[in-house]
Amino acid sequence: MRRYIIIGLTGPTGSGKSTVSAFFREQGFEVINADELARSVVSQGSVCLKQLALVFGSDIIDGNGRLDRRLLAKRAFSSKENTALLNEITHPHIFLRSLKACREYIDSGKKKIVFDAPVLFESNSDLMCDAVVSVIAPKATRITRIAQRDGIDVKSIEERIHAQHDDDYYINKSDYVIDGSEPLEQVRANVLSIIERIDGGI
C-alpha cells in the first residue's frame, strides 16, 4: 500500500504557482520547490555552475565565484534552444535533490508532498507524481507579475515567456488546471477541490 502521495505542480512563469503552492501547504502538504533546489545546485564551486559556464560563458561567474543570475537568464532565455541547453544541464542535478527531499519527507512520516517545478514535464519528473496540477494565466497578467517580482523590463519578460511553452502544452499534459488569475478565494477553492478528488482516487 502506498504510504504517500506526490502532486506535481507546474506552469509558466508568472502564472501564480507560488500562491497555489501556499494553499497546498495550508492543507498540510510539504512543498519541495524546484527553484530553491536550482539555486542550491549552482552554488559557488558546484559542478553544475562549472557546466553552465562552459556553455554560456565564463563571465556568468562573477569575481566572487558566484553565479550572475541575470546574465545567465539573459542568455538562457534568448531562445528556445538556449533554454533547452540550460534545462539539460540543470535538470539532472535538481532531480536528484528532489528525490532526496522526497525520501527524507517520506522517511519522517510525511505523507503529502507537492513538487513545485516549472519544468516538471521537461525533466520527466511528472513520472514520479500521482497527479499533476498546472497553473496558467493570461499573458498580460504574467507580464505584470514578473515585472513586479523581478524588476526587469517588458522586453526581457517577453523573451522569457517566448522561451516557454504555451498554455495548451500544460493543459494537455495535466490532470488538473488552475487559472491563477482568478480571485484568491476561487483559487483556494479550486485547490481544495483538487485535493478532495485526488484523496478519493488514491
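Predicted model: local features only at pLDDT ≥ 70, side-chain atom pairs only at ≥ 80, totals over all residues.
At what angle do helix 2 and helix 5 pack, and how far apart are their axes?

Residues are numbered from 1 along each chain as its sequence is written, and side-chain values use heavy atoms, with hydrogens and water left out.

**View 1. Helix 2 packs against helix 5.** The angle is about 115°, and the axes lie 9 Å apart. Axes are lines fitted to C-alpha atoms, for helices over the stretch in contact; angles run from 0 to 180 degrees between N-to-C directions. The crossing is right-handed. Helix 2 brings Ala34, Leu37, Ala38, Ser40 and Val41 to the meeting. Helix 5 answers with His93, Ile94, Arg97 and Ser98. Contact here means heavy atoms within 4.5 Å. Helices (H or I, at least four residues) and strands (E, at least two) are DSSP runs, numbered from the N terminus.

**View 2. Helix 3 has a buried face.** The helix spans residues 47-56. Cys48, Leu49, Leu52, Ala53 and Phe56 are buried. Seen down the axis, these buried residues fall within an arc of 140°, so they line one face of helix 3. The arc is that of the directions from the helix axis to the C-beta atoms. Buried means under 20% relative accessible area, exposed over 50%, and partly exposed in between (1.4 Å probe, protein chains only). Val47, Lys50 and Leu54, on the other side of helix 3, are exposed. The buried residues pack against helix 2 (34-41), helix 4 (69-76) and helix 5 (80-107). Just after helix 3, glycine 57 takes a positive phi of about 110°.

**View 3. The largest nonpolar core has 32 residues.** Such a core is a set of buried Ala, Val, Leu, Ile, Met, Phe, Trp, Tyr and Cys residues joined through side-chain atoms within 4.5 Å. Ile32, Leu52, Phe56, Ile60, Leu72 and Phe115 have the most contacts inside it. Helix 2, helix 3, helix 4, helix 5, strand 3, strand 4 and helix 8 each supply at least two residues of this core. Helix 5 gives the largest share, six residues. A second, separate core of 19 residues includes Ile7, Val31, Ile178 and Ile198.

**View 4. Serine 125 is buried in a loop.** The loop runs between strand 3 (112-116) and strand 4 (131-136). Relative accessibility of serine 125 is 2%. A polar contact of 2.8 Å joins its side chain to that of serine 123. Such a contact is a pair of N or O atoms within 3.5 Å; within protein, one must be able to donate a hydrogen and the other to accept it, and residues adjacent in sequence count only if both atoms are side-chain atoms. Leaving out residues up to four places away in sequence, serine 125 touches Phe95, Phe115 and Leu120.

**View 5. Aspartate 167 lies in helix 8.** The helix covers residues 167-173. At 27% relative accessibility, aspartate 167 counts as partly exposed. Aspartate 167 and serine 134 are 33 residues apart in sequence, yet 9.3 Å apart in space, C-alpha to C-alpha.

Notes:
Left-handed = near helix turned anticlockwise from the far one by under 90°.
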